[in-house]
Amino acid sequence: MAPEVFAEIDPPQRLLMGPGPVNAHPRVLRAMSADLLGQFDPEMTAYMNEVMALYRPIFGTQNQQTFLVDGTARAGIEAALVSLVAPGQTVLVVDFGRFGLLLGEILARIGARIETVSAPWGQVVELDAIEDALKRVRPSLVATIHGDTSTTMAQPLEGFGALCRKYGALSYVDATATIGGMELAADRWAVDVVSGGLQKCLGGPSGSAPITLSEAAAERIFARRHVERGIVRDDLDDGEGPRIGSNYFDLAMVMDYWSDKRLNHHTEATTMLYGARECARIVLQEGLENRCARHRAAGRAVTAGARALGLEVFGDHRHRMSNVTGLVIPAGVDGEAVRRRMREDFQIEIGSAFGPLQGRLWRIGAMGYNAAKHKVLITLGALETVLRAEGFAAPAGVAVEAALAAWNAELSA
Ligand SMILES: *Cc1c(COP(=O)(O)O)cnc(C)c1O
């Protein structure tokens with residue numbers, strides 16, 4: 001074997017200023033090196049209960065059913081959809097970017113009837129358009145994204161869940177990119193299911209998906225389970241459609257594991273749970289309002305710095321996410337060469353873009369542990385130097401000054 005395989009892991013110290021993942025908070029990494037426990041150990045189940053309590057305020061909810069799905073954010077999305085939706089049921093997807101397309105892709109595998117109401121990339125869907133679609137298609141579920149990092153847009157959700165309920169539908173929101181950085185208000189929005197991930201504004205590694213479910217959502221999921229004396233029966237059909245088409249992502253079973261019943265399902269990913277718990281503790285110690293303000297300051301600083309450089313900021317300005325900013329690559333500049341120089345000369349990662357925006361945007365994220373004044377300033381200073389090296393006439397010194405002024409204005413206001 002090559003001698004490298006015996007070398008200890010020693011990755012370069014990169015500053016991850018893309019759309020995620022970001023550098024994890026050192027406290028989270030330390031928590032994840034703690035010793036393991038058995039999954040029914042009273043200390044372990046106490047940690048599980050603490051995690052449920054810690055994530056309720058982060059989701060803005062009192063839902064009892066607030067816990068972790070083991071896996072990356074996509075595991076939370078898939079668990080929600082496969083548990084809520086039976087084959088043949090109609091789902092309305094509110095789609096304004098790549099992650100809206102992902103919802104459709106997962107729902108297609110479930111065998112749902114998919115209806116879509118979309119906005120072009122860089123815009124959000126108006127509530128009126130959602131209501132028109134609800135009247136027309138009468139879905140059993142409406143699924144959408146809060147912040148879609150592919151376009152940097154944040155869908156307004158005030159009134160969204162209530163609107164869905166008015167037409168008899170439950171609602172699901174993927175809040176992976178905003179949890180811990182922009183306000184989540186599951187109860188006020190009356191949204192039934194919200195899921196997230198650690199690797200963005202929560203400042204942890206990917207691999208755990210916090211999720212919350214309303215009583216109505218939990219009831220629908222439990223109603224799909226047909227268990228007699230511990231044996232799942234396919235022949236018992238109560239009209240809600242066939243049983244949940246996944247064992248690992250069967251949220252009825254996962255909820256029984258996270259309840260006092262502690263019915264064995266999977267082995268809870270102990271180390272990820274330690275990490276998720278520490279992420280939440282850091283968020284709540286900082287305070288949700290302070291944390292959102294810090295992410296807002298970071299977004300304003302990136303925006304001000306980029307504009308001072310003469311760059312155009314992408315998307316409908318009324319609805320941009322605060323934590324990820326899209327910068328239009330100027331004509332004549334090689335976007336990938338800029339990213340390469342940022343990485344090689346400055347050890348900074350910034351993002352590219354997908355689909356219709358491929359080659360058109362850089363995406364700069366300032367999230368979690370990296371939504372810090374100095375990290376934003378260092379990134380903009382580096383970007384200025386790199387742009388000049390790539391032939392773009394960026395004025396010297398202005399980006400950092402403009403960003404600093406914007407940061408200070410936001411946080412002292
Ligand atoms: C980043 C992101 C994800 C990531 O999913 P993973 O499975 O953790 O890679 C999902 N949804 C949205 C909206 C995101 O921005």
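Throughout, contact (touching) means heavy atoms within 4.5 Å. This is a predicted model, in which local features need pLDDT of at least 70, side-chain atom pairs count only at pLDDT 80 or more, and totals for chains, interfaces and linings use all residues. Residues are numbered from 1 along each chain as its sequence is written, and side-chain values use heavy atoms, with hydrogens and water left out.

**Exercise 1. Determine where Asp187 is found and which residues it touches.**

Solution. 
Step 1: Asp187 belongs to helix H7, residues 186–189. Helices (H or I, at least four residues) and strands (E, at least two) are DSSP runs, numbered from the N terminus.
Step 2: Leaving aside residues up to four places away in sequence, Asp187 touches Gly60, Thr61, Gln62 and Asn63.
Step 3: Asp187 has a relative accessible area of 35% and is therefore partly exposed. On this scale buried means under 20% relative accessible area, exposed over 50%, and partly exposed in between (1.4 Å probe, protein chains only).
Step 4: Between Asp187 and Pro42 there are 145 residues of sequence separation and a C-alpha to C-alpha distance of 31 Å.

**Exercise 2. Place Lys200 in the fold, and state what UniProt lists for it.**

Solution. 
Step 1: The UniProt record, an unreviewed entry, lists Lys200 under "modified residue: N6-(pyridoxal phosphate)lysine". UniProt positions are given in the numbering used here, feature names are shortened, and annotations may be inferred rather than shown by experiment.
Step 2: Lys200 sits in the loop between strand S9 (193–195) and strand S10 (208–213).
Step 3: Because its relative accessible area is 9%, Lys200 counts as buried.
Step 4: Beyond residues up to four places away in sequence, Lys200 touches Pro19, Gly20, Val22, Thr149, Thr176, Ala177, Met367 and Gly368.
Step 5: Pro21 itself lies in the loop between strand S1 (15–16) and helix H1 (26–31).

**Exercise 3. Describe the surroundings of the ligand and its polar contacts.**

Solution. 
Step 1: The residues that surround the ligand are Thr72, Ala73, Arg74, Phe99, Ile145, Gly147, Thr149, Asp174, Thr176, Ala177, Gln199 and Lys200. A residue is counted here if one of its heavy atoms lies within 4 Å of the molecule.
Step 2: A polar contact is a pair of N or O atoms within 3.5 Å; within protein, one must be able to donate a hydrogen and the other to accept it, and residues adjacent in sequence count only if both atoms are side-chain atoms.
Step 3: For Ala73, a polar backbone atom is 3.0 Å from an oxygen atom of the ligand. In the side chain of Gln199, an N or O atom is 2.6 Å from a ligand oxygen, and for the side chain of Lys200 the corresponding distance is 2.7 Å.
Step 4: The ligand taken alone exposes 390 Å², of which the protein buries 86%. Accessible areas come from the Shrake-Rupley method with a 1.4 Å probe; for residues, only the protein chains shown count as cover.

**Exercise 4. Is Gln155 buried or exposed, and what does its side chain reach?**

Solution. 
Step 1: Gln155 lies in the loop between S7 and helix H6 (160–166).
Step 2: With a relative accessible area of 2%, Gln155 is buried.
Step 3: Its side chain reaches the backbone oxygen of Val125 at 2.7 Å.
Step 4: Val125 is also among the residues that Gln155 touches, which include Val94, Phe96, Val124 and Ile130.
Step 5: Phe96 is likewise touched by Thr151, together with Gly97, Trp121, Gly122, Phe314 and Leu357, not counting residues up to four places away in sequence. Thr151 is in the loop between strand S6 (147–148) and strand S7 (153–154) and is buried, at a relative accessible area of 0%.

**Exercise 5. Which domains divide the chain, and how many residues are in contact between them?**

Solution. 
Step 1: The chain is divided into domain 1 (26–283) and domain 2 (288–412), with bounds from an automatic or database domain assignment.
Step 2: The C-alpha centres of the two domains lie 30 Å apart.
Step 3: Across the boundary, 29 residues of domain 1 are in contact with 22 residues of domain 2.
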